[in-house]
Amino acid sequence: MGVVNVTPDSFSDGGRYLDANAAIAYARSMIDEGVDLVDVGGESTRPGAASVSEAEELARILPVVTALRGFPVSVDTRHANVMREALAAGAAMINDIGALAAPGALAVVAQSGCAVCLMHKKGDPATMQESPRYADVVGEVLDYLAGRIADCEAAGIARDRIVADPGFGFGKTVEHNLTLLRHLPELSSLGVPLLAGWSRKSSLGRITGRDAGERLAGSLAAALLALLGGARILRVHDVKETRDVVLVWEAWSKA
């Protein structure tokens with residue numbers, strides 16, 4: 001899953017692809033590099049990020065989603081109206097950091113037939129990294145995602161449409177993130193594919209001491225560890241390099 005942030009303030013590439021034509025060109029370059037799914041977002045959810053209006057979010061993402069019609073596109077949003085408009089424009093998946101908890105979100109996805117990724121987070125983006133605490137981070141994330149999957153099924157969303165994301169970096173310390181990564185196989189008990197998003201994140205910066213633009217090696221290491229732990233979708237900024245990791249992992253798995 002290749003990340004296309006149509007925003008002025010995302011942590012890694014904020015502003016670079018705010019122009020729709022730039023975002024479309026970047027998405028097509030990812031497709032050329034072998035990405036399987038393009039994830040388009042119009043609202044930054046980095047720690048400390050402010051929310052934007054639904055109208056602004058739609059103005060940012062719809063030209064990109066429409067231009068990519070025919071290729072699998074995921075839309076990174078937590079707002080039901082944005083989900084509805086994005087799906088009408090051709091999106092195949094909703095990637096929701098709120099796990100469809102917003103009013104109307106469950107119904108929109110249930111009626112559409114699209115895929116959905118349910119993510120765990122603790123708190124809102126503006127404040128989520130202010131001293132997050134857990135008694136048992138693996139157990140709490142597992143219980144939360146199991147509950148959201150059950151709510152989706154009750155609303156008519158079949159399990160085979162659902163992906164789960166433990167939400168690395170969303171209301172979690174470096175230690176929490178590493179614990180979840182180490183215990184990722186336990187989340188396989190959810191019975192749905194797992195998504196891992198470690199690419200360029202601040203935890204890698206704290207581990208390596210490198211800025212966001214210098215975290216490729218750390219991102220690739222985390223991607224491989226996630227694959228070994230059972231992740232089946234990697235949300236990344238560096239498609240070509242991560243594809244090589246996947247190809248080596250697949251060859252190793254079959255040897």
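E153 is partly exposed, at a relative accessible area of 37% (partly exposed lies between buried, under 20%, and exposed, over 50%, with a 1.4 Å probe and protein chains only). The structure is a predicted model, in which local features need pLDDT of at least 70 and side-chain atom pairs count only at pLDDT 80 or more, while totals for chains, interfaces and linings use all residues. Residues are numbered from 1 along each chain as its sequence is written, and side-chain values use heavy atoms, with hydrogens and water left out.

E153 pairs with R159 in a salt bridge, the closest N and O atoms being 3.1 Å apart (a side-chain nitrogen of Lys or Arg within 4 Å of a carboxyl oxygen of Asp or Glu). R159 is also partly exposed, at 33%. The whole structure contains 9 salt bridges. Another joins R60 to E56 at 2.9 Å between the closest N and O atoms. R60 is buried, with a relative accessible area of 11%, whereas E56 is partly exposed at 34%.

A further salt bridge links the side chains of D76 and R235 (3.2 Å, N to O). D76 lies in strand β3 and R235 in the loop between β8 and α10, so the pair ties together parts 159 residues apart in sequence (strands are DSSP runs of E, at least two residues; helices are runs of H or I, at least four; both are numbered from the N terminus). Both D76 and R235 are buried. Shared partners join D39, D76 and R235 into one salt-bridge network.

D143 is found in helix α5 (residues 137-154) and counts as exposed, at 56% relative accessibility.
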